[in-house]
Amino acid sequence: MENLFCLRCNREIEVGHKSVAVYMFAQTVGIRPRQKSSAQRICFCPQCSVSLAMGPPPEGALNLAAWNMIRDLVGADPALNQAAWENLRGVVGLLPSGEPEPVPRRAAAGGYFEF
Ligand SMILES: [Zn+2]
């Protein structure tokens with residue numbers, strides 16, 4: 001399997017790393033022979049998943065369907081939120097400045113993420 005990129009921020013998502021995958025395929029119904037398109041895998045990194053879920057609904061029926069699914073995942077379990085924070089800390093850790101690492105505030109968990 002090849003490495004994938006987050007659809008939103010283009011960050012590389014290495015195989016086995018935390019991410020949200022949206023699978024999509026089309027198939028004919030009531031038509032013979034039944035045809036099935038190849039499946040597409042669309043990936044979002046944890047930060048973008050959380051950010052999208054917290055944000056306003058997107059335009060377009062397909063986008064809206066994907067948004068609802070991601071919201072389901074983000075809302076169902078804090079693990080995805082946690083993964084987003086972990087990644088954020090990793091990025092901060094790479095910065096060359098000697099600034100103290102900002103401590104993620106739990107109070108912000110229900111708020112708005114901006115990247
Ligand atoms: Zn992303």
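The following legends accompany close-up views of a predicted model of the protein.

**Figure 1. Overall arrangement of helices and strands in the predicted model.** The protein contains 3 helices and 4 strands, which follow one another from the N terminus in the order β-β-β-β-α-α-α. Of its 115 residues, 16% count as buried.

**Figure 2. Confidence along the chain.** The mean pLDDT of the protein is 84, and 77% of the residues score at least 70. Confidence is highest in H1, with a mean of 96, and lowest in H3, with a mean of 81. Over residues 107-111 the pLDDT falls below 50, and this stretch has 1 contact in the model beyond near neighbours in sequence.

**Figure 3. The largest nonpolar core.** This core consists of 12 residues: Val20, Cys43, Phe44, Cys45, Cys48, Val50, Leu52, Ala53, Ile70, Val74, Leu80 and Ala84. Two or more residues are given to the core by each of strand E4 (40-44), helix H1 (46-54), helix H2 (61-76) and helix H3 (79-94). Helix H1 supplies the largest share, 4 residues. Cys43, one of the core residues, is in contact with Leu4, Phe5, Cys6, Leu7, Ile13, Ser19, Val20 and Ala21, once its neighbours within four places in sequence are left aside. Val20, among these contacts of Cys43, is itself listed in the core.

**Figure 4. Burial of helix H1.** Helix H1 is mostly covered, with 8 of its 9 residues buried. The buried residues are Pro46, Gln47, Cys48, Ser49, Val50, Ser51, Leu52 and Ala53.

**Figure 5. Packing of helix H1 against helix H2.** The axes of H1 and H2 are 9 Å apart and meet at an angle of about 110°. Because angles of 65 to 115 degrees count as roughly perpendicular, the two helices H1 and H2 are described as roughly perpendicular to each other. The contact involves Ser49, Val50, Leu52 and Ala53 from H1, together with Trp67, Ile70, Arg71 and Val74 from H2. By class, the residues of this contact comprise 6 nonpolar, 1 polar and 1 charged.

Figure 6. Arg41 lies in strand E4. This residue counts as exposed because it has 11 C-beta neighbours inside 10 Å, and the cut-off for exposure is 12 or fewer. Arg41 touches Leu4, Ala21 and Tyr23, residues up to four places away in sequence not being counted. Val20 is 21 residues from Arg41 along the chain, and the C-alpha atoms of the two are separated by 9.9 Å.

**Figure 7. Tyr23 and Ala39.** Tyr23 has its place in strand E3, whereas Ala39 is found in the loop between E3 and E4. Tyr23 is exposed, with 8 other C-beta atoms within 10 Å; Ala39 likewise counts as exposed, with 9 C-beta neighbours inside 10 Å. Although Tyr23 and Ala39 are 16 residues apart in sequence, their C-alpha atoms are 6.6 Å apart in space. Not counting residues up to four places away in sequence, Tyr23 touches Ala39 and Arg41. With its neighbours within four places in sequence set aside, Ala39 is in contact with Tyr23, Met24 and Phe25.

**Figure 8. Backbone geometry in two loops.** Most residues other than glycine have a negative phi, and most peptide bonds are trans. A cis peptide bond joins Arg32 and Pro33, with omega at about -5°. Pro33 lies in the loop between strand E3 (20-24) and E4. Asn10, a residue other than glycine, has a positive phi near 70°. The loop that holds Asn10 runs between strand E1 (4-5) and strand E2 (12-13). Asn10 is exposed, as 9 other C-beta atoms lie within 10 Å.

Conventions:
Residues numbered from 1 in each chain as written. Predicted model: local features only at pLDDT ≥ 70, side-chain atom pairs only at ≥ 80, totals over all residues. Buried ≥ 20, exposed ≤ 12 C-beta atoms within 10 Å, placed from the backbone. Core = buried A, V, L, I, M, F, W, Y, C linked by C-beta atoms within 7 Å. Contact = placed C-beta atoms within 7 Å. Axes fitted to C-alpha atoms, helices over the stretch in contact; angles between N-to-C directions. Parallel < 35°, antiparallel > 145°, perpendicular 65-115°, else oblique. Nonpolar A, V, L, I, M, F, W, Y, C, P; charged D, E, K, R; others polar. pLDDT = per-residue confidence, 0-100.
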